[in-house]
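Please look through the structure shown here before reading my remarks. I have kept them to a few points that you can check by eye.

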Amino acid sequence: MAEKDKFFEDLKEAKEKYGDDVYLLSIEQVMNEVFHPSTTNGGELVVMNEQEQNPSTTNKYVCQVASDFELRPEDIEQLEIMEYLNSTQARIDMPDIFGIEGKNSPEKKLEDIPSFSLGIENNVITQVCNDIEKVETAGAIEEDAQDVDGEDDDDFVSPIPIVRGKSRRLVKVGRYAKSPYIERVIDLSAKYTNQDLGIWIYMIQKINILDPIFSWKGLTCIREHMQTLKMSTTLFYSVIDTWSIILNDNENYKAEESPMRFFCPIGSLHSGLNVDMNVTESYSIFAENMGYILNRYERNLDNIDMVFFPINKHGHFYIICYNLKKEACDVIDNIRHKNPKHCYGRTPNILHSHFTRYLKENGLVNLAKRMQKLQPSFLEMPWQSKSNSTDCGIFVMRHMETYKGDLRNWDTRFTEEGRIQDNQIIRLRVKYNNSILSSNLNEMKDEIQNQAKQLFNKGAEKRLMDMVAQVSAAKSSNAQNNKGKGAKRKTVTFAANLARSFDEADT
């Protein structure tokens, strides 16, 4: 009773203060509808129109409450809901602070609603109340809907969501999904596994060479291109592009302290770096393809620390890496050049011009200005070779996999040029083939692994049979040799008296 009295005292004071406020009258009207003013039994609210007592007064109400009146919990809840809805209606009908017509003006079009609007219709209170009534009478509505033979209910209007024109949100993996035990770099000292060998046998088959054996979101790599991983074979660029897909996915599981790296494919940006094309025209192609790549991998330049551009010119692969965090530009090549500035032509300059312009046009103006003044650094590594252009694609894949912007602590596990390094490259060819084809990103993974298992078991069985046959043949040959030698062998008979000398023995 104390809460009830306080409520009506506050309501009375509000009316005396604000006079004919429409919202206070609405609250009284809602109470009148909720508590059935036509009845005057104990415990119910009686609302009388003051105009009946005083004809000179209009649009005012006097609340009279029975002495034993108490609000039930469900009545209070209903009252709070209706009060909130009335306040929502007030906000919707409120004119614009700049003097423009209200949001519910007939001239206001749906597309004029701000992007954060839910698109709720004008008569929000009536609509919500109608929806509540429909829920309470669901059975009757279903019966009526059957009588209409499936026609739509014209009384129900679904809120129309407004499409927000904003950039794609960067999808991140939670820190609990990032484990220090996840090995993102291939171990050069690891032995070949059965899966390595089985998938290698699957890849080198001379059948269906034009069929894709890697597929991810419409991007494919055919068997013929993957077969360039064979020993002493120059890599095809699509293999590096496929490796970029794997590496970009691995960045989702990087440690928090590691830089966020982004690996661009060669095929998508190659035409935008054409030295024979007009700069304006080539930049248009570069910008379009760069935007397409970032959207496909759901990346934003604001969240990227390092950008890798693998380059293929005149059959040779190398990398131009932009470190946006440290503001550096590194050229990484497996071949050590005496005069590196004269070895790469205009390609680095065109890429530098295009990329800094792209940064500027995408909101990173200050960074673009600072990056534009950079001069490329030609990195020198102890594992560089003098003229190994055959394996340059494998070096690029390894450099992309391991380089994180710190030259001093960079460890590819490569030894200096020589026989050991050659064996490491052969091992990487087999390991990279397995990593690509057995990746979870490969939509053909299960089929490939099943076939690889069958091929490996078949090959192992054949090798076992060959080994048994070779051992049997060797034993048979040894037996025959021993038998032939035994016929010609001289027998030595020692004297009965062992005290005699060896020379006196009877032969």
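The numbered points below take up a pair of helices and then some salt bridges.

1. Please keep in mind throughout that this is a predicted model. Within it, helix α12 (residues 347-361) packs with helix α13 (residues 365-372) at an angle of about 160 degrees, and their axes lie 7 Å apart. Since angles over 145 degrees count as roughly antiparallel, α12 is therefore roughly antiparallel to α13.

2. The crossing of these two helices, α12 and α13, is left-handed. On the α12 side the contact is made by His352, Thr356, Leu359 and Lys360, while α13 contributes Val365, Leu367, Ala368, Met371 and Gln372. Sorted by class, the contact of α12 with α13 has five nonpolar, three polar and one charged residues.

3. Seven salt bridges are found in the structure, and one of them joins the side chains of Arg261 and Glu251, with an N to O distance of 3.1 Å. Arg261 belongs to strand β5 (residues 261-263), whereas Glu251 sits in the loop between α9 (237-250) and β5, so that the pair, 10 residues apart, links distant parts of the chain. Arg261 counts as buried because its relative accessibility is 3%, and Glu251 counts as buried at 2%.

4. Another salt bridge, at 3.2 Å from N to O, brings together the side chains of Glu361 and Arg357. These two residues are four apart in helix α12, which means that about one helical turn separates Glu361 from Arg357. Glu361 is partly exposed, with a relative accessible area of 49%, and Arg357 is also partly exposed, at 37%.

Definitions and conventions. Residues numbered from 1 in each chain as written. Predicted model: local features only at pLDDT ≥ 70, side-chain atom pairs only at ≥ 80, totals over all residues. Heavy atoms only, no water. Axes fitted to C-alpha atoms, helices over the stretch in contact; angles between N-to-C directions. Parallel < 35°, antiparallel > 145°, perpendicular 65-115°, else oblique. Left-handed = near helix turned anticlockwise from the far one by under 90°. Contact = heavy atoms within 4.5 Å. Nonpolar A, V, L, I, M, F, W, Y, C, P; charged D, E, K, R; others polar. Salt bridge = Lys/Arg side-chain N within 4 Å of Asp/Glu carboxyl O. Buried < 20%, exposed > 50% of the residue type's maximum accessible area, 1.4 Å probe, protein only.
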